[in-house]
Amino acid sequence: MLGAAVLAIGLYAIVPSPTTPYVLCDGLRLGLIQRAWVPMDRIAPVVARSVVAAEDANFCLHWGFDMEQLRAVIAQGQDRGASTLTQQTVKNVWLWQGRSWPRKASEAAMTPLVELVWS
């Protein structure tokens, strides 16, 4: 299992993923989904910055986990997420939606590998 994850992370660092569990599930729910991967250099810089600002303001300051946000959520006993963009990417590319310990454990194991290998 670990070998397959490492291989997939390395492969998707070079080529776009042909589909994801998230896209497949939405396709079953909504019907045909048409999409096209777009290279970052074809996305307006303001759009990329807006996504980072909205989803993970500390993106450039952490290694895949925003420990400050995680500590705050735990300390306040909140039921909100503290996932980084990398964690969300791992979930959306390889894993499934919903909250569960197995999914979060898989996400936590894969996130540092993605941070290490992907640009």
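Trainee: Which element gives the largest share of the lining of the second largest pocket, and how many residues does that share hold?

Mentor: Helix H6 gives the largest share, with five residues. The model is predicted, so local features need pLDDT of at least 70 and side-chain atom pairs 80 or more, while totals for chains, interfaces and linings use all residues. Residues are numbered from 1 along each chain as its sequence is written, and side-chain values use heavy atoms, without hydrogens and water.

The second largest pocket holds about 650 Å³ of space. (A pocket is an open set of points on a 1 Å grid over the protein atoms alone, where a 1.4 Å probe fits, with protein on both sides within 12 Å along at least five of seven lines; lining residues have an atom within 4 Å of a point.) This pocket is lined by 21 residues, and Leu70, Arg80, Gly81, Ala82 and Lys104 are the closest to its centre. Besides H6, helix H4 (67-76) and H5 each give two or more residues to this lining. (Helices are DSSP runs of H or I with at least four residues.) By class, the lining divides into seven nonpolar, seven polar and seven charged residues.

For comparison, about 1,400 Å³ of space lies in the largest pocket. Its lining has 31 residues, with Trp37, Met40, Leu85, Thr89 and Trp118 closest to the centre. There the largest share, six residues, comes from H5, and helix H2 (21-30), helix H3 (45-55) and H6 also supply at least two residues each. The classes in the lining of the largest pocket are 23 nonpolar, seven polar and one charged.

Notes:
Points joined across faces, edges and corners; volume = space filled by probe spheres on them. Nonpolar A, V, L, I, M, F, W, Y, C, P; charged D, E, K, R; others polar.
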